[in-house]
Amino acid sequence: MTKKKLQANGLWLLVMIVGYLAINLLVYTGVVDSFIENMLVTIGINIILATGLNLIIGFSGQFSLGHAGFMAIGAYATGIILQTVPTVGGFVGSIVVGIIIAIIAAIIVGVPTLRLSGDYLAIATMGAAEIIRVVINNMKITNGAAGLFNIPQFATWPVVYVLVCVTTIVIVNFAHSRAGRAIQAIRDDEIAAEAVGVNPTKWKLAAFVLGAATAAIGGSLHASYIQTIAPSDFGIMNSIALLIIVVLGGVGSMTGTFLAAIVLGVLDTVLQSFGTLRMVIYAVALIVIMVFKPSGLLGRYEFSFAHVLNRHKKEDAA
Amino acid sequence: MHTAMQQIINGLSLGSIYALLALGYTMVYGIIKLINFAHGDVYMLGAFWGYFIINKYHVDFIVALLSAMIVTAFAGMLIEYLAYRPLRNSPRITALITAIGVSYFLENGMSYLFGANTRNFPQVVKQHNYTAFGINISNIQLLILVTAIILMVLLQLIIQKTKMGTAMRAVAVDQEAAALVGINPDHVISFTFGLGSALAGAAGVLIGLYYNSIDPLMGMTPGIKAFVAAVVGGIGSVPGAAIGGFLIGLLETGVQAIGLSAYKDAAVYVVLILILIVLPSGLLGKNVKEKV
Amino acid sequence: MSRLLQVEHVSKIFGGLKAVEDVSMHVEEGELVALIGPNGAGKTTLFNALTGVSPATEGSVTFNGVSLDKKKPYQVAKMGIARTFQNIRLFHQLSVRENLQAAMTHRYKEDFVSSILRLPTFTKKEALVNGWTDEILAKLDLSDVGEMITANLPYGTQRRVEIARAVASDPKLIFLDEPAAGMNPEETADLTDLIRRLQSEFGLTVVLIEHDMSLVMNIAERIYVLEHGKLIAEGTPAEIQNNQAVITAYLGGGIHV
């Protein structure tokens with residue numbers, strides 16, 4: 001059992017390293033030009049944001065529509081700090097500051113609202129994110145509605161790649177531990193979960209806070225990669241764009257979130273040449289996929305080396 | 001005192017638009033538990049229909065309003081038939097994403113076909129301002145208020161007094177049980193979409209007259225505000241939606257009047273969250289406790 | 001024997017309706033007590049009041065010498081009271097194993113860092129929890145379905161899993177709310193055996209709501225009878241069977257047998 005888990009973990013590590021080297025090679029040989037690199041980075045940032053949202057929605061069953069608000073906190077922490085401390089240290093520090101503020105904000109938002117159910121929670125978290133945005137819109141340090149420009153670029157694709165790996169490991173391991181079992185129990189039946197000693201408020205908040213923290217990381221990367229941010233980048237529609245990735249991939253499937261982020265990223269890049277028609281095609285694609293695959297591309301399927309190894313073992317034995 | 005009264009008049013005008021929109025949200029939610037994200041875009045369709053028919057055929061306000069209501073009613077029923085009906089038994093979040101897809105489709109489809117620019121809504125009713133006791137009120141504001149109230153009274157009559165209204169209430173309580181006593185839920189749901197969309201279409205024409213400008217993205221923000229109004233009122237509750245709409249309208253104009261217009265959206269959401277913390281199902285919503 | 005549960009003058013009022021009225025009862029450690037009564041007598045309401053799901057309006061409850069008043073359901077569970085539900089409430093998207101382990105979260109600590117980094121302390125804890133789970137699965141004949149998603153299991157098995165989950169939370173006292181509902185005679189026989197084993201093998205105190213009178217008379221050591229929210233009788237199965245008030249309650253007023 002343990003040995004197989006070690007093997008599986010080793011395989012994952014291998015995948016991460018090979019992926020890194022492969023992209024590096026493609027960049028080096030010029031197969032990946034700046035256009036495609038831009039697409040890869042966008043996909044990476046969306047994965048960071050959407051896996052955190054999937055933890056909240058798919059695993060803890062709390063319908064949050066305010067993810068862009070926490071992303072904004074990370075983005076502005078990085079934007080503001082990098083303007084005074086434009087160093088790698090400043091960048092790392094700004095990510096940490098963003099995470100801390102996002103955690104505090106998530107606790108302030110989560111404690112009163114997480115007892116709301118379903119759509120009421122969605123609308124309350126959406127409202128909270130809008131309040132964050134309006135506040136940023138009216139502050140001096142954030143330069144109001146105009147936003148921040150010329151943010152130094154530290155979030156190159158290797159940085160984004162590494163952080164995609166790190167946040168995914170954190171979220172997936174969280175979801176497959178004591179905490180993960182508690183939040184999934186609450187998702188399936190809150191009354192029964194409480195009856196077996198699970199404190200719903202505490203665990204819902206834990207998932208919400210972790211999701212918010214990773215959203216802040218995504219925001220930091222976004223700010224330092226795009227180099228320009230404005231409050232309008234973090235509105236309701238941006239939260240919804242992340243929700244679309246989660247639902248399209250399959251609520252509760254992290255593999256699905258990866259797949260959906262990649263599919264939508266590629267689709268977006270391919271459709272660039274269609275001009276105004278782009279969003280029409282995107283909308284139709286979205287409706288068609290939902291109508292024909294109502295539980296998302298992968299449903300609740302999760303790819304796992306451990307399972308693959310197990311299956312091989314069984315087949316060998318048979 | 002005068003300014004306060006003035007703001008109340010302005011707030012009620014804006015609020016009646018939100019209320020008309022919120023009614024559509026709340027009816028659809030009440031019956032199939034779907035946040036119909038495309039509802040604000042149906043309102044946009046109504047405004048564009050009014051723009052088109054007034055410019056092209058020089059019809060008067062009543063014709064523009066009624067025809068817009070008919071057109072949007074059919075648009076709403078068509079959207080329900082094509083996009084939502086196939087998902088009747090799917091997870092609710094899937095239907096929500098589809099609704100967002102429909103919203104994107106309507107916004108961008110209109111931009112693609114007719115251009116994304118803002119255009120002036122034809123002033124089919126000449127604006128007059130009346131002053132009484134130092135308060136300004138325009139005939140358009142009166143028209144909006146009166147039309148909205150007439151429509152709400154009609155809606156209440158339809159829901160409470162007609163056979164279809166009874167069927168709607170039955171399906172909202174229990175779709176399967178309603179089907180067992182001979183109600184066709186598909187018809188009722190379709191009718192509900194038609195009714196809600198007609199109100200949105202009317203709101204579209206009214207806002208065109210009031211603000212004098214329309215564009216394909218005009219439904220986004222009022223759509224979300226109206227949804228917030230429906231939630232504040234207690235989603236699923238028809239009178240709640242009307243109250244919520246007026247409340248949000250008054251709040252927005254009030255915050256603007258005291259010089260905090262930059263914070264008017266934040267104020268709406270603060271009130272939303274406070275109301276939900278105190279009353280988790282809104283002002284008039286039923287707080288159904290799960291049976292153990 | 002020591003007193004495990006003491007219920008004193010508990011009432012539960014919904015609006016104007018007194019669903020439970022001035023109920024006092026007690027359960028000794030290691031006992032197997034049944035709570036019976038006609039439909040709507042307030043049995044489940046009483047369970048809900050005792051477990052904090054829907055707190056009592058009046059009265060007090062003491063468990064193992066500690067007051068349960070104003071305790072939330074999860075706190076009650078941590079103190080050692082587990083329950084099953086009338087309409088099965090499993091974590092339907094999770095496997096049987098995960099259902100059991102979700103009930104064990106308060107039995108051990110696991111810190112964030114070691115679980116994220118899969119440190120040896122994490123692996124050790126998981127091995128411990130898997131050990132507990134395997135033991136319960138084996139004892140309740142559920143080893144074969146351990147990895148199955150509970151939503152896909154047959155009804156009788158789901159009931160068994162719910163009891164296993166309650167056991168997994170390591171209780172002293174277990175409330176079973178109509179465990180035999182919807183079961184065929186064979187399944188009921190298995191269940192009877194299982195409830196006995198909860199008492200003998202797991203050392204649990206059992207309080208049971210049940211409509212199946214043969215089951216109740218067969219295993220209960222003491223019976224409380226509730227009607228219209230009030231206790232109308234208490235005694236051994238033999239005493240209850242001959243109690244005139246109970247016979248009237250069950251066969252309806254006005255009819256004399």
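The model is predicted: local features need pLDDT of at least 70, side-chain atom pairs count only at pLDDT 80 or more, and totals for chains, interfaces and linings use all residues. Residues are numbered from 1 along each chain as its sequence is written, while chains are lettered from A and ligands numbered from 1 in the order in which they are written.

The span 61–83 is one of those to which UniProt, in an unreviewed entry, gives the feature "transmembrane region" in chain B; residues 188–211 are also among them. UniProt positions are given in the numbering used here, feature names are shortened, and annotations may be inferred rather than shown by experiment. Residues 188–211 of chain B are 100% helix and 0% strand, with end C-alpha atoms 34 Å apart. For chain A, the unreviewed UniProt entry places the feature "transmembrane region" at spans including 91–111 and 156–175. Residues 91–111 of chain A are 100% helix, and their end C-alpha atoms are 30 Å apart. Residues 156–175 of chain A are 95% helix and 0% strand, with a distance of 28 Å between the end C-alpha atoms.

Chain B as a whole has 11 helices and four strands. Its radius of gyration is 19 Å, close to the 19 Å that the globule rule gives for 292 residues, so chain B is as compact as a globular protein of that length. This radius is taken over C-alpha atoms, and the globule rule is 2.2 Å times the number of residues to the power 0.38. Of the 292 residues of chain B, 54% count as buried. A residue is buried if 20 or more other C-beta atoms, placed from the backbone, lie within 10 Å of its own, exposed if 12 or fewer, and partly exposed in between.

Helix 6 (residues 163–173) of chain B shows both conditions. Ala167(B), Met168(B), Val171(B) and Ala172(B) are buried in this helix. They cover an arc of only 135° around the axis, which puts them on the same side of helix 6 of chain B; the arc is that of the directions from the helix axis to the C-beta atoms. The face turned away from the buried side carries the exposed residues Lys163(B) and Val173(B).

Where do chains A and B meet? In total, 34 residues of chain A are in contact with 35 residues of chain B, contact meaning that the C-beta atoms, placed from the backbone, lie within 7 Å. Helix 5 of chain A gives the largest share of the side of chain A that touches chain B, 11 residues. Gly127(A) lies in this helix, residues 118–137, and touches Tyr269(B), Leu272(B) and Ile273(B), not counting residues up to four places away in sequence. Gly127(A) is buried, with 28 other C-beta atoms within 10 Å.

Chain C contains an open sheet of four strands in the order 2-1-4-5, with antiparallel pairing. Two strands pair if DSSP finds at least two bridges between them. Strand 2 (17–28) and strand 5 (66–67) of chain C stand at the edges, each with a single partner strand, so one side of each is left without a neighbour in the sheet. Strand 1 (residues 3–14) of chain C is joined to strand 2 of chain C by eight bridges.

Key
Helices (H or I, at least four residues) and strands (E, at least two) are DSSP runs, numbered from the N terminus. Two residues are in contact if their C-beta atoms, placed from the backbone, lie within 7 Å.
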